[in-house]
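Hi,

Here is the structure I promised to pass on.

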Amino acid sequence: MDKTNSDAFIHAYNLFRLASLTIKDTDNLQFYVYIKGWITALRYDLPWTDIYCEGHFPANLTQTRTLQYQSIQFGGNYERTECVFECSLDTEHGTIGLTDFKRKEIGLDPEEPISDVVFTHSVMDPDIGTNGIFGDDDCLFILKSDLFSYCEKHGVFDIQDRYHSLLSELKNKSKLKQPDQHSAQEKQTVFHPHTSQALLDLVQANDKFWKNFDPEELQDSAPTKEIVVDWLSAKGYSRSLSEKMDTILRDGRNKPGGRPEKS
């Protein structure tokens with residue numbers, strides 16, 4: 001699935017194919033990290049909080065590390081570069097579920113910009129020597145307009161021709177692949193700024209505790225009521241309310257009689 005949902009962006013792992021550059025080789029090129037889910041939001045030295053986000057957020061490269069790997073499938077050793085980004089919750093190309101409660105948690109006054117809130121994210125620079133056979137990280141993007149301007153300033157004047165050639169190549173490859181039967185069924189969940197905190201916490205609990213639920217493996221995949229209730233109680237809900245929230249979360253997923261005890 002193309003995560004951009006916009007013709008304005010291009011995956012950063014195409015950077016080498018277009019301009020013979022790797023992520024760590026660029027200077028002053030603005031990257032964007034695509035996120036759909038919960039991030040740990042930080043602001044200065046204040047307490048952190050979890051916020052639900054979806055979209056592209058400006059990312060500045062803060063650190064690179066060379067990691068050593070051993071390939072069982074292909075033999076020998078190889079290196080990958082891990083790139084660590086600090087991302088700003090700028091909402092020009094994304095949306096966030098920032099409630100008044102969350103603002104207070106991170107000490108953000110109503111008049112202060114949300115762009116002051118950041119999160120960190122790590123991606124792997126594409127392995128150019130293996131033509132991506134070890135996989136590409138597809139959450140890192142560049143605005144096409146920024147890429148074209150950057151390349152032209154650095155002497156790559158045929159960048160738009162290169163881009164259109166790459167686009168044709170990718171389209172031809174996509175025709176050979178089987179369509180993803182699940183992508184059309186995916187729900188695009190976006191929380192507006194005034195979503196209740198209880199609903200956001202319910203969604204976070206669902207993602208945290210029920211992500212790997214398998215009705216055929218109920219004993220091993222369903223969380224215990226105690227674990228979920230304790231987690232909700234730690235967020236400030238009363239014990240009785242936490243139990244009701246847990247009941248909502250597990251409705252229809254537990255067989256009659258509840259989660260079986262492990263023998």
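Before anything else, keep in mind that this is a predicted model.

I'll begin with a strand pair. Strand β2 (residues 31-41) and strand β7 (residues 140-143) run antiparallel and are joined by 3 bridges.

Next, helix α3, which covers residues 144-153. The buried residues there are Lys-144, Leu-147, Phe-148, Tyr-150 and Cys-151. Looking down the axis of α3, you'll find them within an arc of 165°, so they line one face of the helix. After α3 comes Gly-155, with a positive phi near 90°.

Last, a helix pair. How do α7 and α8 lie relative to each other? The axes of α7 (residues 225-234) and α8 (residues 239-250) cross at roughly 125° and come within 9 Å. The two helices are therefore oblique to each other, and α7 passes α8 in a right-handed crossing. On the α7 side, the contact involves Lys-225, Val-228, Val-229, Asp-230, Leu-232 and Ser-233. From α8, the residues taking part include Arg-239, Glu-243, Asp-246 and Arg-250, as well as Met-245 and Leu-249.

Cheers

Methods:
Residues numbered from 1 in each chain as written. Predicted model: local features only at pLDDT ≥ 70, side-chain atom pairs only at ≥ 80, totals over all residues. Heavy atoms only, no water. Pairing = 2+ DSSP bridges. Helix = DSSP H or I, 4+ residues; strand = E, 2+ residues; numbered from the N terminus. Buried < 20%, exposed > 50% of the residue type's maximum accessible area, 1.4 Å probe, protein only. Arc of directions from axis to C-beta. Axes fitted to C-alpha atoms, helices over the stretch in contact; angles between N-to-C directions. Parallel < 35°, antiparallel > 145°, perpendicular 65-115°, else oblique. Left-handed = near helix turned anticlockwise from the far one by under 90°. Contact = heavy atoms within 4.5 Å.
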